[in-house]
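Dear colleague,

I am passing on the structure below, together with notes on what turned up when I went through it. Please read the notes with the coordinates open beside them.

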Amino acid sequence: MSFQLPDLPYAEDALEPAISAKTVFFHHNKHEAAYLSNTNKLIEGTAFENDSLEDIIRKADGALFNNAAQSWNHAFYFRQFTAEKGLMPEGRLKEKIEKKWGSFEHFKDEFVINGVGQFGSGWVWLIKNKNNELEILKTANAGNPLTMEGCVPLLTFDVWEHAYYLDYQNRRGDGLHALWDIINWREIEKRFV
Ligand code: MN
């Protein structure tokens, strides 16, 4: 099986000003595409050839883990955004966030603090853990919560420099804060099952 670059569910300029069309283009068509292409090369003729990306992430290590996890992380990342600005969480997810962090505003601040605090490259995640509790988690490099027992990833911000440097240079926190405006909370709620 060969993995294909997923289409974006919006136009390349639809996320402006939070993420510029130029960043979306390079991040999706160059960075994400390269991780997929590397994954395809690494699985060719191996026991991983017919596995899903999720299976590969759970079983592989080294270069294959890195490329497969980055392929999955980026598809998950880009799918969570929308051209519709300013959506808010609703229902059970909203209640869980408010119960855990006191308010949605406080949750957003904590999430960004964790993203800024990830030294070097990585990701910051909102997950549902094995005890059914919401949790903010940082992972380094290609790290992915699917490798942790019972973890369901709900939301993620990419903190690699390539995700924000064209638009925000060294201001990682500004680049992360801007993303709240373009989160498709209807998609995040679907992940919260
Ligand atoms: Mn990235």
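Strand 1 and strand 3 (residues 152–158) run antiparallel and are joined by 6 bridges, and please keep in mind throughout that this is a predicted model. Within this pairing, W125 has T156 of strand 3 as its bridge partner, while I127 stands opposite P153.

Taken together, the three strands make an open sheet in the order 2-1-3, with antiparallel pairing. Strand 2 and strand 3 each have a single partner strand and stand at the edges, so one side of each is left without a neighbour in the sheet. On average, and with direction ignored, neighbouring strands of this sheet are turned by 25 degrees against each other.

As for burial, 7 of the 7 residues of strand 1 (residues 122–128) are buried, so this strand is largely enclosed by the rest of the structure. Both of its faces are covered, with G122, V124, L126 and K128 buried on one side and W123, W125 and I127 buried on the other.

Helix 3 (residues 62–79) lies across strand 1 and strand 3 and runs at about 85 degrees to strand 3, whereas helix 4 lies across strand 1, strand 2 and strand 3 and runs at about 80 degrees to strand 2.

Helix 4 (residues 91–101) also packs with helix 5 (residues 104–117), at an angle of about 75 degrees and with the axes 8 Å apart, which makes helix 4 roughly perpendicular to helix 5. In this contact I97, E98 and W101 of helix 4 meet F104, H106, F107 and E110 of helix 5, and the residues involved divide into 4 nonpolar, 1 polar and 2 charged.

Finally, there is the metal site, where the manganese ion is coordinated by H27, H74 and H162, each through NE2, and by D158 through OD, at 1.9 to 2.1 Å. In sequence these donor residues are spaced H-x46-H-x83-D-x3-H.

With kind regards

Notes
Residues are numbered from 1 along each chain as its sequence is written. This is a predicted model: local features need pLDDT of at least 70, side-chain atom pairs count only at pLDDT 80 or more; totals for chains, interfaces and linings use all residues. Side-chain values use heavy atoms; hydrogens and water are left out. Donors are N, O and S atoms within 2.8 Å of the metal (3.2 Å for Na, K and Ca); water is not among the atoms, so sites may look incomplete. Axes are lines fitted to C-alpha atoms, for helices over the stretch in contact, and angles run from 0 to 180 degrees between N-to-C directions. Helices (H or I, at least four residues) and strands (E, at least two) are DSSP runs, numbered from the N terminus. Angles under 35 degrees count as roughly parallel, over 145 as roughly antiparallel, 65 to 115 as roughly perpendicular and the rest as oblique. Contact means heavy atoms within 4.5 Å. Ala, Val, Leu, Ile, Met, Phe, Trp, Tyr, Cys and Pro count as nonpolar, Asp, Glu, Lys and Arg as charged, and the others, Gly among them, as polar. Buried means under 20% relative accessible area, exposed over 50%, partly exposed in between (1.4 Å probe, protein chains only). Two strands pair if DSSP finds at least two bridges between them.
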